[in-house]
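I opened my notebook to write down what I looked up in this structure. Here is the model, and my entries follow.

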Amino acid sequence: MAKIKLIRREKESPLARVLVPVTSVLMAFAVGWIILALAGHNPVLVYQKLYNGALGSSYAVSETMVKAIPLMVAGLAVSLAFKMKLWNIGAEGQIYMGALAASWIALNLGQSSGPWLVIPLMMIAAFAAGACWGLVPGVLKAYWQVNETIITLMLNYVAISWVDYLVFGPWKDPNSMGFPLTPIFAPAAQLPTWGDSRVHLGLILAMVIAIIFYLSIQYTRWGYEVRVMGESSAAARYAGMNVTKNIMLVMLISGGIAGIAGMIEVSGITHRLQQGISPGYGYTAIIVAWLARLNPLAIIMVAFLFGALLVGGFAVQIVGVSFSITQVLQGTVLFFLLAGEIFINYKVVLAHKEVL
Amino acid sequence: MKRTPVIEMKGISKRFPGVIANDKISFRVYPGEIHALLGENGAGKSTLMSILAGLYRPDNGIIKVQGRAVKLDSPRKALEAGIGMIYQHFRLVDNFTVAENIVLGAPKSPSKINREQMETETRRVSQSYGLTINPGARVHQLSLGEQQRVEIIKMLYRGCEVLIMDEPTTVLTPGEVKELFEILRAMSRQGKSIVLITHKLNEVMEIADYVTVLRRGRVVGEDRIENLDEGRLTRMMVAREVAYSQVKRDKSVGQVVLSVDRLKVQGDLGYLAVKQASFDLRQGEIMAIAGVAGNGQKELVEALVGIRSSVSGTVEYQGEEINHLNVRERISLGINMVPEDRIGTGLVPNLSIIDNSILRNYYKEEFFTGFFLNYKKVRRYTEGIVDKYNVYFSDLKHPVNYLSGGNLQKLLLGREIEQKPRVLLASYPVRGLDVAAAEDIYGLLLKERDKGTAILLVLEDLEDIFRIADRVAVMYQGSISGILEVNKTSIDEIGSLMVGAQLTGVENG
Amino acid sequence: MDINAWTALLAATIVAGTPILFAAAGELLAERSGILNLGVEGMMLVGAALGFIVTVNTGNHWVGLLAALAGGGSMAAIHALVTVSLRGNQVVSGLALTIFGSGLSGFLGKNYQGIPMNYGFKSLDLPVLSDLPYLGAVFFRHDILVYFSVILALFMWYLLYKTKWGLAIRSVGENPQAADAVGIDVSRIRYLCTIAGGMLAGLGGAYISLVYAPTWQENMTAGRGWIAVALVIFALWNPTRAVLGAYLFGGVEALTFRLQTMGINLSSFFLAMFPYLVTILVLVVVTIRRRQDAGAPQALSVAYDREER
């Protein structure tokens, strides 16, 4: 009887490190193919629509970019926490809080002040609100070792309910005909866009954050500390680093960046706060970060891919396929990726009966 | 009369990435025998026994139990064959009671759990071998010695005929060691076989009937204990005559650099781990701290370097009190340290050799250009260390985990020495290293001593203390029970201090 | 508010608590074995969709229930494969399962949106008990699954604390090395508990689409999977406490629909935060007080590798 056996590799396989993510994406599309075929669709046609819808025209590419921007920013946010092995799965809630705070500024100052004041203020408010949402689990983790995964997760729903309360209640646009929306922001509170596309300044912001992220992790004193602390807190203490402080700081910055993603969305796209302002960007961002192996430059590319998937998902509805197929693809990519990681760290061999 | 061995292993080989842990080993145990499996750390003892216990699968070889070939591919199979292993780190569920741990997974236990019946069973087994234990206590409330007893009862309850114990005495007080040996003798009288994995010669001479010696994954000798003495065993273990003579010194010791007065330090579990430590450390001397592991050595060293804060007492560095200084401030004074846990504390596992070489001084301006780390400079610094301390590596950008144990320690010690310490502390600096690497490490430490550095070493091996140290402080239950000149004392005297004897009329602090 | 409104509220509480109880019981079992499965929401959705689709097509709600069990179980099997055999990250795998599950359920259920359903579980009419004044309406006029969920939770408590299998499951979640050393098959137990947990999540989902709101809507579980995850912590990994917690959280849900009629001036959105906030509070208190026997299983979300050196 042959049995599968795993042997830990001495070194990570560099080939596997590249091949695994690429193969995961391909395999996910293969699984999607089978599911589509089983459901009686024509996979070729569906994938063609998906491609055309996401990348087939300059308009499509711009829409893909629009969806990719919040994923980039939120992906960077969670990556920072993941670098330190802090499982911040609360980006979703942090996005909502950022959107909430930015909207508050926009609704209160948007009419009376110019964009040079309103936009930076919105950004600061969004960062602060997201940072609070990250800091709470950060403090609990730093001082009492409370599990940050659960706390960040729970806080997501608190934030979503809070936004729901506002858009259904005190902030609701009286002219919305019952829809849960705030009034539209004044132009001063809207991010400038490219020509007549919906691609907005948030793209530049995402790039800037990615570059700052990369440089500070790789080349600054603080980044060095984060890398050490992510691997071993005992080593960090031995090196004289303040682990407690940095857990809080990293959670704060991670939450703050996610908050910015929320601000970008309300200021750049919806121009108002509304129910469901993030359709799960905070969770998709975790997949993006994982697929990019926490590399900030790879996050930009992977976010673009996932943006394409989202936009393509709308296009396939024309041929009668549910938008949900994109979630199926997303989930499948992640499964293959997780399963594939074992090839990076382990050799898989067929073990035959070797010992009597 | 030819007896059947209860265990027979033939031609066992096991490779791990980069090492051959076991190379065609043959090993036999007879009923009622106390069999010592002797060897230095890393000789392959634990691997061989883990194979017998079903934890690892051998790459080649045959195992026979009571003369019948068996395939032990899981701990369950091994237990069914009557083989039980007690690991150094006990495999007990902390939140369970003693009785729950004992019946856990036992095939004969009834489906429905009955607390009373469970505890009665536990008492029955423990009493038949003279082991006392409270079956209702939760494991996390027990001392390590008591936990070991739970492990033994667990194996006896399962009807094990062969009990393997991995370094059972390291966590025990001398009194507990005596009790353990009594238990083992009682078990042997009842026909149980015991394999003791150890590297301690005195224990082998005291308890074993038969000895097998491993070196670098091979059997290098085996015989009945009557035919052996400590000298022969040592030669087999290390394949060289151990020079017990003092290492020659060039200079006499200088002034006091570090002065510790009535230091009290809290342990992780909230009790005082260091109750009373007072000593002076002088330039150009090596002072060893001897004692059974867990008597406060770790906490003392951590308090001296600032990783752990002290409760009371003072630490003075060149006459200045430094109690309030943090790790980094102490580093800048020249207090450096090689921790016990090399990879995980001393070095960061998945970071490169380059990143690791600046772990303790990464904030120094010499590595920066403006705001940014300048990796050219850091690389040059790293190259300096690996060249000077003969660290063998394939790529400086590879994670440190790719290095072998000896090279890890050379990198770690080299990194600390490069920071020009005035006081150097090292815990178990040669643990697990092969002889050549250990020689290198001791060589480096002696050279540092000759440069005038004050060195404090936590050592487990009394023989090593006699080789390298000038003075020895013995720790027992959190207190320094005596400080002795190495050339005016004996192994026996240190040994008696390690078990709590009081010293009279000798220098004390 | 009169007494009839109260009995209606309490009866609604029990119905609202039932799907959460099924899912939480399942998650509790998985977590006790050391597997954190954040895919509950996804598994519930697949259970809800399959339960509904199969019931509509076969006309038999029992067959629908079986389909939901199978759906939730297969989803959990993916999680077990990824996290137990392939030692993947449990948090990420669980999130993937939720995303995958909401996608798959939406994809499968596309043509079943809003279809009415006339099969399903009827309320029982128990002799004497159902006719008791008030008590009958609150406790004894429910469908059979309500009673099953309570029995199941009590059975799970018995299994975990009173049998040797329970001892084995808990030992795997606390210290897999210890369990392995005494011959317990760690992987097998983790697989079984995770898959059984998934089946129960599927059942919880089907309860929503077949009984609670007999219809199919995309994302109709509306976050109940996450409430179930919270409930496991709130209950401190104890099934009997999970029963009480399920009705507490269910009561909050039932209350949200009745606030206005009851004349209470409190936004339902603040009530929606309640389960999450109390769970945070419980987790914080338990962690800070370091109750050894009341906290999370020690090896929760840690992969086990026997030959790890």
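Predicted model: local features only at pLDDT ≥ 70, side-chain atom pairs only at ≥ 80, totals over all residues.

**Entry 1: the core**

I began with the largest nonpolar core, which has 388 residues, and found that Val73(A), Leu52(B) and Leu231(C) touch the most other members. A nonpolar core here is a set of buried Ala, Val, Leu, Ile, Met, Phe, Trp, Tyr and Cys residues joined through C-beta atoms within 7 Å. Buried means that 20 or more other C-beta atoms lie within 10 Å of a residue's own, exposed means 12 or fewer, and partly exposed is in between, with C-beta atoms placed from the backbone. Helix α9 (residues 186–212) of chain C gives the most to this core: 16 residues. Helices (H or I, at least four residues) and strands (E, at least two) are DSSP runs, numbered from the N terminus.

Residues are numbered from 1 along each chain as its sequence is written, and chains are lettered from A and ligands numbered from 1 in the order in which they are written.

**Entry 2: around Leu52(B)**

Which residues is Leu52(B) in contact with, leaving aside neighbours within four places in sequence? I listed Ile7(B), Met9(B), Ile63(B), Leu72(B), Ala78(B), Ile83(B) and Ile164(B). Contact means C-beta atoms, placed from the backbone, within 7 Å.

Ile7(B) has Val65(B) as its bridge partner in β4(B). I then looked at the open sheet of four strands in chain B, which is antiparallel and ordered β2-β1-β4-β5. Strands count as paired if DSSP finds at least two bridges between them. At the edges I found β2 (19–29) and β5 (68–70) of chain B, each pairing on one side only. Strands β1 (residues 7–16) and β4 (residues 60–65) of chain B share five bridges.

**Entry 3: helix α12 of chain B**

Next came α12 (residues 375–388) of chain B. Val378(B), Thr382(B), Ile385(B) and Val386(B) are its buried residues. Seen down the axis of α12(B), they fall within an arc of 90°, so they line one face of the helix. That arc is taken from the directions from the helix axis to the C-beta atoms. On the other side, Lys376(B), Arg380(B) and Asp387(B) are exposed. The cover over the buried residues includes α11 (353–357), β18 (372–373) and α13 (405–418) of chain B.

**Entry 4: chains A and C**

Last, I checked where chains A and C meet: 37 residues of chain A are in contact with 37 residues of chain C. On the chain A side, α13(A) has the largest share, 13 residues.

Conventions
Contact = placed C-beta atoms within 7 Å.
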